[in-house]
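Please read it with the coordinates open.

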Amino acid sequence: SFRPQRVEVRVGDEVVWENRGRNEHNVLSIEAGAWGVEVAEFGRGATFSHVFSEPGEYRYFCSTHGNEEVGMVGTVIVTE
């Protein structure tokens, strides 16, 4: 699972995901192609970061362990 599953940041903040699991994962934006990292770059011990430049609610998931609605899902809330 993503921990925390929901995080709130401000515009311009960098969010970092770290794969602390025993398996490969990915982080995919539900808004297709907007941002994310595929399994090949997000193996055990890897990190991925993204800077959010616009306020909004950014939902994401791991397609290896779920889909857009269930399984490994998360949300980044970006405020001004």
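**Notes on the predicted model**

1. The protein has zero helices and seven strands, where helices (H or I, at least four residues) and strands (E, at least two) are DSSP runs numbered from the N terminus; read from that end, the elements run β-β-β-β-β-β-β.

2. This is a predicted model, in which local features need pLDDT of at least 70 and side-chain atom pairs count only at pLDDT 80 or more, whereas totals for chains, interfaces and linings use all residues. Residues are numbered from 1 along each chain as its sequence is written, and side-chain values use heavy atoms, with hydrogens and water left out.

3. The mean pLDDT (the predictor's confidence in each residue, from 0 to 100) is 93 for the protein, and 98% of its residues reach 70 or more. Confidence is highest in strand 1, at a mean of 98, and lowest in strand 6, at 93.

4. The radius of gyration, taken over C-alpha atoms, is 12 Å, which agrees with the value near 12 Å for a compact globule of 80 residues under the rule of 2.2 Å times the number of residues to the power 0.38. The C-alpha trace spans about 35 × 25 × 25 Å along its principal axes.

5. The structure holds seven aromatic pairs, meaning rings of Phe, Tyr and Trp (its six-membered ring) with centres within 6.5 Å, where planes under 30 degrees apart count as stacked, over 60 as edge-to-face and the rest as tilted. The rings of W17 and Y60 have centres 5.4 Å apart and planes at 85 degrees, so this pair is edge-to-face; it joins strand 2 (residues 14-18) to strand 6 (residues 56-66), with W17 and Y60 lying 43 residues apart. W17 is buried at 7% relative accessibility, as is Y60 at 2%, where buried means under 20% relative accessible area, exposed over 50% and partly exposed in between (1.4 Å probe, protein chains only). Ring pairs link F2, W17, W35, F48, F52, Y58 and Y60 into a cluster.

6. H25, in the loop between strand 2 and strand 3 (27-29), is buried with a relative accessible area of 11%. Setting aside residues up to four places away in sequence, H25 touches several residues, including E38, F42, C62 and M72, a contact being heavy atoms within 4.5 Å.

7. Please inspect the peptide bond from R3 to P4, which is cis with omega near -5 degrees; P4 is placed in the segment before strand 1 (6-10). Most peptide bonds are trans.
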